[in-house]
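Look at the structure first, then read the points below.

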Amino acid sequence: MIAISILLCGWRFVEERKLVKYLCVVALAMTFHATALVAVMLYILYGIKWKRIIWLLPAVEVGLLVFGRKIIMLATKILPQYADYLGGKYDVSGGSYKMLLLLNVVLIA
């Protein structure tokens, strides 16, 4: 929660498109939780015109369904402190296609 609070304080740097300042905020948040690094994607995603590329969503979802495990394996190489989750009780394939469909409907709505 501390890392999220720090990231929220830096949101104005995303809106103002000040990358260096935002990266400093992310670095500070990472001192509390390493996964704050994922917030760098917010800077990239903020500038995207979603109405233009929403049709790519099904292709991205299929790609994540097919290559998701490989992506997670790569992520655990970058953040090895989470490697113990693989093969453990928190390693689930979870979810269903019905839930994916529901999430897409909510997104489009």
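Glu-61 touches Leu-100 and Asn-104, leaving aside residues up to four places away in sequence. The model is predicted. Glu-61 sits in helix H6, residues 57-78.

**Glu-61 and the buried side of H6**
- Glu-61 has a relative accessible area of 16%. The cut-off for buried is under 20%, so Glu-61 counts as buried.
- The buried residues of H6 are Glu-61, Gly-68 and Thr-76.
- These buried residues pack against helix H7, residues 97-108.

**The bend in H6**
- H6 spans only 26 Å between its end C-alpha atoms.
- A straight helix of 22 residues would span 32 Å, at 1.5 Å a residue.
- Where does H6 bend? The bend is at Phe-67 and comes to about 70 degrees.

**H1 against H3**
- Helix H1 (residues 2-9) packs with helix H3 (residues 19-30) at an angle of about 170 degrees. Their axes lie 9 Å apart.
- Angles over 145 degrees count as roughly antiparallel. H1 and H3 are therefore roughly antiparallel to each other.
- From H1, the contact is made by Ala-3, Ile-6 and Leu-7. From H3, Tyr-22, Val-25, Val-26, Leu-28 and Ala-29 take part.

Technical notes
Residues numbered from 1 in each chain as written. Predicted model: local features only at pLDDT ≥ 70, side-chain atom pairs only at ≥ 80, totals over all residues. Heavy atoms only, no water. Axes fitted to C-alpha atoms, helices over the stretch in contact; angles between N-to-C directions. Helix = DSSP H or I, 4+ residues; strand = E, 2+ residues; numbered from the N terminus. Parallel < 35°, antiparallel > 145°, perpendicular 65-115°, else oblique. Contact = heavy atoms within 4.5 Å. Buried < 20%, exposed > 50% of the residue type's maximum accessible area, 1.4 Å probe, protein only. Expected span 1.5 Å × (residues − 1). Bend = angle between axes of the 7 residues up to and from the residue.
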